[in-house]
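Subject: Handing over the structure

Dear colleague,

I am passing this structure on to you, and I would be glad if you read it alongside the notes below.

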Amino acid sequence: AFFAYAMFIILKQKRLSEVQRDFINNMTHEFQTPISTIKIATDVLAQSKILEQPERFKKYVQIIKQENNRLKNQVESVLATARIGKGQIELDMKLQELHEIIGEVSDSVKAELEDNFTLDLNATKTTINADRMHLMNVIRNLIDNAIKYSGKPPKIKISTRNENNLLIVSISDKGIGIPREALPKIFNKFYRVPTGNLHNVKGFGLGLNYVKEIINLHKWKINVISEMGVGSVFEINIPLPD
Ligand code: ADP
């Protein structure tokens, strides 16, 4: 029994140190890449001759904006996870118009993906009780993943419908899909599908954990339907207020 226990501890420590190693590797990529890209872009913008090249100027400003956004999202997801872990997130519940929130979140994606992004908003009962900021983050996280885990160009659709007393929001992609055995784990903290050769996308494995926590705090449900090579659908089920 002692041996088994010792093995358990060793295995547990191994897993912990692996998690730590992955976390540090991901940190390096997720934080350092944008920082050094921003540094390079500001170096370019600091050259006086750039003022004679407005197109190049715009391009580098765009790069800085994009990378800064990426950095912001990553820092937010790490901080949100830390706060959730300590039970420090309190929802600010108010009546919200779901379609208006979806519209706001998808503005920038629409600009980026154009015809590869579609909205199919069929629900008619769309007033819900929700924390606006966290709900926006949840939808943004699901859209970001749909883009990250797809080929180019990604094909993404957000749709809504009413079913019984529910409002259902679905975010679907035609991306790489999630292996069946991974499905029960994708919402776990730090979990990432081990398909490094299939997709070369870095991340912390924290986004979906945040999504799940926020969905749980609202007492909503989230389901995933996915098939390898076909795509994934994430569905949020929101009970309508009486
Ligand atoms: P991250 O994207 O930082 O790895 P997430 O918690 O958002 O972390 O997602 C966990 C894992 O679930 C991802 O690493 C990826 O393997 C898988 N995944 C999430 N969303 C999708 C999607 N839309 N299509 C395919 N795989 C996905």
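What follows is a short account of the fold, the ligand and some individual residues.

This is a predicted model, in which local features need pLDDT of at least 70 and side-chain atom pairs count only at pLDDT 80 or more, while totals for chains, interfaces and linings use all residues. Residues are numbered from 1 along each chain as its sequence is written, and side-chain values use heavy atoms, with hydrogens and water left out.

The fold

The protein chain contains five helices and seven strands, and, read from the N terminus, its elements follow the order α-α-β-α-β-β-α-β-β-α-β-β. Here helices (H or I, at least four residues) and strands (E, at least two) are DSSP runs, numbered from the N terminus. Of the 242 residues in the protein chain, 39% are buried, where buried means under 20% relative accessible area, exposed means over 50%, and partly exposed is in between, with a 1.4 Å probe and protein chains only.

The ligand

There are 20 residues around the ligand, and N145, K148, Y149, R192 and L208 come nearest; a residue is counted as near if one of its heavy atoms lies within 4 Å of the molecule. Among the elements that build this shell, α4, α5 and β7 each supply at least two residues, and α4 gives the largest share, with three residues. By type, the shell is made up of ten nonpolar, seven polar and three charged residues, with Ala, Val, Leu, Ile, Met, Phe, Trp, Tyr, Cys and Pro counted as nonpolar, Asp, Glu, Lys and Arg as charged, and the others, Gly among them, as polar.

Which atoms of N145 and K148 lie 2.9 Å from an oxygen atom of the ligand? For N145 it is a polar side-chain atom, and for K148 it is likewise a polar side-chain atom, whereas G205 places a backbone N or O atom 3.0 Å from an oxygen atom of the ligand. Taken alone, the ligand exposes 530 Å², and the protein buries 97% of that; these accessible areas come from the Shrake-Rupley method with a 1.4 Å probe, and for residues only the protein chains shown count as cover.

The aromatic pair

The structure holds one aromatic pair. It is formed by F187 and F234, whose ring centres are 6.4 Å apart and whose planes stand at 80°, so the pair is edge-to-face. Because F187 belongs to the loop between β5 (166-173) and α5 (207-217) and F234 to strand β7 (residues 231-239), the pair ties together parts that are 47 residues apart in sequence. Both F187 and F234 are buried.

Backbone details

K152 and P153 are joined by a cis peptide bond, with omega at about -5°, and P153 is found in the loop between α4 (132-148) and β4 (156-163). Although F190 is not a glycine, it has a positive phi of about 75°; F190 lies in the loop between β5 and α5 and is partly exposed, with a relative accessible area of 35%. K219, also a residue other than glycine, has a positive phi near 65°; K219 lies in the loop between α5 and β6 (221-227) and is exposed, with a relative accessible area of 70%.

Other residues to look at

H134 lies in helix α4 and counts as buried at 6% relative accessibility. Its side chain is joined to that of Y210 by a polar contact of 2.6 Å, meaning a pair of N or O atoms within 3.5 Å, where within protein one must be able to donate a hydrogen and the other to accept it, and residues adjacent in sequence count only if both atoms are side-chain atoms. D131, found in strand β3 (residues 127-131), is buried at 5% relative accessibility, and its C-alpha atom is separated by 5.6 Å from that of L91, 40 residues apart along the chain.

With kind regards

Terms used:
Phe/Tyr/Trp six-rings, centres within 6.5 Å; stacked < 30°, edge-to-face > 60°.
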